[in-house]
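Please look over the structure shown here together with its sequence.

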Amino acid sequence: MSAKIRLYVEQPLGQGQSVELTREQAHYMFGVMRLGVGGQVALFNGQDGEWLAEVSEAGKRGGVLTCAQQTKPLQLPPDLWFMFAPIKKARTDFIVEKATEMGAARIMPVQTQFTNSERIRQDRLQAHAVEAAEQCGGTFVPEVADLQRLDKALDSWPDGRQLMFCNEAEVGSALHLAASEKGCPWAILIGPEGGFSDQERARLTALPYAHVVSLGPRILRADTAAVAALTMWQQALGDWV
Ligand code: SAH
């Protein structure tokens with residue numbers, strides 16, 4: 001049996017485990033979705049897979065669900081960081097949503113020299129990632145990191161992590177991902193609307209762990225480039241194959 005409503009919760013899930021709802025969750029389930037006692041919901045918490053749960057108590061300000069059976073095992077995405085320079089609010093929201101659906105393990109907003117925005121609302125972006133995971137059937141929610149400077153992120157780059165550098169200066173070239181570094185940690189980097197500075201481009205292309213790629217013969221907007229890059233990576237090295 002499958003439930004229509006999927007809800008991310010922070011409590012542990014397991015056979016017979018009861019889960020108390022927050023006020024907002026209770027409002028959504030009983031007020032908006034009109035569920036009552038005996039109604040079914042799919043729950044996941046990013047650790048215990050997906051569980052079918054039944055409403056055992058329903059109130060205006062809260063409620064209790066009881067886990068009946070596991071419906072999906074935990075499925076972790078590949079170890080892929082998705083790094084991007086935040087752009088306008090609605091487009092940044094879109095990027096976080098798509099990166100979650102496409103299977104990034106960690107979403108990292110980075111400030112580059114031409115980044116349009118200097119602040120992000122990490123909590124709001126994290127909530128977007130939760131919503132995207134709820135609707136796409138995932139059992140994992142990527143962490144959205146706080147905004148950090150690109151040069152700082154490169155200064156403390158972890159050993160062994162490969163970087164797919166989407167470089168708009170390579171537009172139209174034949175640089176694609178070779179399926180060589182499969183199974184190791186990766187990161188994808190997408191620049192802001194203004195692109196990368198010459199200085200950033202010089203540093204990035206010289207990194208021994210960087211793989212410079214082109215995303216085809218046209219310059220894509222950053223939000224389109226995000227989806228295209230994730231597709232390309234998943235196809236060559238990720239969990240699509
Ligand atoms: N204003 C810049 C384009 C920036 S596009 C210019 O006109 O050159 C935003 C980001 O999307 C880029 O920094 C790059 O990371 C990515 N991107 C867009 N199109 C691309 C392409 N054809 N190849 C590689 N990366 C691309």
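What follows is a short report on the domain interface, a helix pair and a salt bridge.

## Basis of the model

This is a predicted model, in which local features need pLDDT of at least 70 and side-chain atom pairs count only at pLDDT 80 or more, while totals for chains, interfaces and linings use all residues. Residues are numbered from 1 along each chain as its sequence is written, and side-chain values use heavy atoms, with hydrogens and water left out.

The domain assignment gives domain 1 (6-72) and domain 2 (80-237), with bounds that come from an automatic or database assignment. Their centres, taken over C-alpha atoms, are 33 Å apart. Nine residues of domain 1 are in contact with eight residues of domain 2, contact meaning heavy atoms within 4.5 Å.

Between them the domains bury about 650 Å², 62% of it on carbon and sulfur atoms; buried area is the accessible area (1.4 Å probe) that two parts lose on being put together, summed over both. On the domain 1 side, Arg 6, Tyr 8 and Phe 44 lose the most area to domain 2, together 66% of what that side buries. Zero salt bridges are found across this interface, a salt bridge being a side-chain nitrogen of Lys or Arg within 4 Å of a carboxyl oxygen of Asp or Glu.

The whole structure holds 13 salt bridges. Asp 223 forms a salt bridge with Arg 91, their closest N and O atoms being 2.6 Å apart. Because Asp 223 lies in helix α6 and Arg 91 in helix α2, the pair ties together parts that are 132 residues apart in sequence; helices here are DSSP runs (H or I, at least four residues), numbered from the N terminus.

Note on methods
Helices (H or I, at least four residues) and strands (E, at least two) are DSSP runs, numbered from the N terminus.
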